[in-house]
Amino acid sequence: MINNTFWPLFITEKVGIPVQNVSLFHLLRSATVLVLFFIVVPKINVERFKYPLLTGFGTFVVSQLLLISTPFKGYAILVISTLLEALSLSLINPLTDSLTVITVDPKERARIMAILHVIMIGLTSPFGWIAGLLSEKWRGLPFVVNLILFVIGAIFTYYLAIVLERKNHKEVKFSEESLK
């Protein structure tokens with residue numbers, strides 16, 4: 001939400017990109033995501049989500065750091081930032097959706113997914129207002145919030161992978177003992 005709302009303001013004011021060229025960067029991002037959805041995403045094993053998700057979070061953080069540090073008329077850095085953001089989103093979005101579907105009981109999936117979406121809307125609603133206040137102070141601050149949120153997401157991913165690895169290890173050990 002922060003990128004969709006404040007990215008055009010940032011690149012037109014801080015980077016000096018003409019307003020008529022903003023859509024070219026959106027086209028580049030969308031085309032890259034589309035290509036990656038067909039080439040990279042099908043090759044990812046959802047059960048081994050740790051490294052692809054951490055890669056996605058890491059490339060998003062790098063893309064935001066590049067964006068924030070893009071100099072005036074720094075088209076090349078902005079293109080690299082846009083490509084890295086597209087790579088990260090093409091990894092993060094389908095994997096998080098798949099993990100949600102896989103981990104929820106199929107009989108309860110519709111209800112749980114509805115509750116999750118309501119919680120997400122409730123949690124993310126204030127971010128538009130908060131990002132607007134931050135953007136008034138400095139146009140790059142909403143992207144710093146993005147950095148922080150995606151670092152938190154990477155930390156959660158890392159610990160979730162550890163918990164699931166321990167759970168799977170215990171289940172395998174239990175099933176081996178029951179076979180004896």
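Helices here are DSSP runs of H or I with at least four residues, numbered from the N terminus. By that definition, Asn3 lies in helix α1. Good morning, colleagues; I begin with the basis of the model. The model is predicted, so local features need pLDDT of at least 70 and side-chain atom pairs count only at pLDDT 80 or more, while totals for chains, interfaces and linings use all residues. Residues are numbered from 1 along each chain as its sequence is written, and side-chain values use heavy atoms, with hydrogens and water left out.

Let me return to Asn3. Its relative accessible area is 9%, and Asn3 is therefore buried, a term that means under 20% relative accessible area, with exposed meaning over 50% and partly exposed in between, for a 1.4 Å probe and protein chains only. Apart from neighbours within four places in sequence, Asn3 is in contact with Pro8, Phe60, Gln64, Glu85, Phe143 and Asn146, where contact means heavy atoms within 4.5 Å.

Next, the core. A nonpolar core is a set of buried Ala, Val, Leu, Ile, Met, Phe, Trp, Tyr and Cys residues joined through side-chain atoms within 4.5 Å. The largest one has 30 residues, and those touching the most other members are Trp7, Ile11, Leu53, Leu67, Leu78 and Phe143. At least two residues of this core come from each of α1 (2–13), α2 (22–39), α3 (50–69), α4 (75–103) and α6 (141–179). Leu53, again leaving aside neighbours within four places in sequence, is in contact with Leu91, Ile92, Leu95, Thr96, Leu99 and Thr157.

I turn now to α2. Which of its residues are buried? They are Val22, Phe25, Arg29, Thr32, Val33 and Leu36. Seen down the axis of α2, these buried residues fall within an arc of 100°, so they line one face of the helix; the arc is that of the directions from the helix axis to the C-beta atoms. The buried residues of α2 pack against α1 and α4. On the other side of α2, Leu24, Leu27 and Phe38 are exposed.

Finally, the largest pocket. On a 1 Å grid over the protein atoms alone, a pocket is an open set of points with protein on both sides within 12 Å along at least five of seven lines, and lining residues have an atom within 4 Å of a point. This pocket is lined by 35 residues, with Ile92, Thr96, Met120, Thr124 and Phe150 nearest its centre. The helix giving the most to the lining is α4, with 10 residues.

Conventions: 1 Å grid on protein atoms, 1.4 Å probe; cavity = no way out; pocket = protein on both sides within 12 Å on 5 of 7 lines; lining within 4 Å.
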